[in-house]
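Hi,

Here is the structure I promised to pass on. Have a look at it first, and my notes on what turned up follow below.

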Amino acid sequence: MGNIKKTLSLFAIILMVASTLGYAGFSYFASSKGHSYRGKLELKPRSATYYELLSDSNLKGTISSSSPIIVYILDDEGLEKLKTGESGTPYKFWKGQSIEINEKIPKGNYYLVIINTGYADAEVMISLENKR
């Protein structure tokens, strides 16, 4: 648990510089019953992006990357702590280059956070469905 807290603290600043994120061929579809995230995006070194998830829903799909990434599901408090550099506990956590997600998202405000922890650009492919 200590490593997760350290990682959350270390990468808090990268959410502040999300403007360094480059998009290429990424599509997003939203309705009251579901969100669809599909496509490719480029994450600059030591940067992150995040997406709001539907309350009381299911999140299913894959995220793959050309280099290792960290993926969190955080609630409001966890996201705010990450942004300010404080440590927190994620609802869910994955690390690697090929991540399969099949999770129940509880009621409340939750976010999917993708972090490039490396020193080179990461090409990230996302194929996720978030449905009620």
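Over the protein chain, the mean pLDDT is 84, and 77% of the residues reach 70 or more. Still, where pLDDT is low, the predicted coordinates should not be read in detail.

**The overall layout**

The protein chain has three helices and seven strands. Going along the sequence, they come in the pattern α-α-β-β-β-β-α-β-β-β. Of the 132 residues, 43% are buried. If you take the contacts with a separation of 6 or more, 79% of them are between residues 24 or more positions apart. The chain exposes about 6800 Å², and 51% of that comes from carbon and sulfur atoms.

**Strand β2 and its partner**

How is β2 placed relative to the rest of the structure? Seven of its ten residues are buried, so β2 is largely enclosed by the rest of the structure. It is joined by ten bridges to strand β7 (residues 122-131), and the two run antiparallel. If you want a place to start tracing the pairing, G34 has K131 in β7 as its bridge partner.

**Helix α3**

Which residues of α3 (residues 76-84) are buried? They are G78, L79 and L82. These three cover an arc of only 100 degrees around the axis, which puts them on the same side of α3. On the face turned away from that buried side you'll find the exposed residues E77 and T84.

Both ends of this helix are worth a look too. At its start, a side-chain oxygen of D75 comes to within 3.3 Å of the backbone nitrogen of E77. Just after α3, G85 takes a positive phi of about 90 degrees.

Most residues other than glycine have a negative phi.

- R46 has a phi near 55 degrees. It sits in the loop between β2 (34-43) and β3 (48-53), and R46 counts as partly exposed because its relative accessibility is 32%.
- D56 has a phi near 50 degrees. Its place is the loop between β3 and β4 (57-75), and with a relative accessible area of 35%, D56 is partly exposed as well.

**A serine in β4**

Last stop: S65, which lies in strand β4. Is S65 buried or exposed? Its relative accessible area is 9%, under the 20% cut-off, so S65 is buried. The S65 side chain reaches the backbone oxygen of S67 at 2.7 Å. Setting aside neighbours within four places in sequence, S65 is in contact with Q97, A122, E123 and V124.

That's what I have for now. When you open the model, you could start with β2 and β7, which ten bridges join, then move on to the buried side of α3 with G78, L79 and L82.

Cheers

Technical notes:
Residues numbered from 1 in each chain as written. Predicted model: local features only at pLDDT ≥ 70, side-chain atom pairs only at ≥ 80, totals over all residues. Heavy atoms only, no water. Buried < 20%, exposed > 50% of the residue type's maximum accessible area, 1.4 Å probe, protein only. Helix = DSSP H or I, 4+ residues; strand = E, 2+ residues; numbered from the N terminus. Arc of directions from axis to C-beta. Polar contact = N/O pair within 3.5 Å; in protein donor to acceptor, adjacent residues only side chain to side chain. Contact = heavy atoms within 4.5 Å. Areas by Shrake-Rupley, 256 points an atom, 1.4 Å probe, with all protein chains shown as cover. pLDDT = per-residue confidence, 0-100. Pairing = 2+ DSSP bridges.
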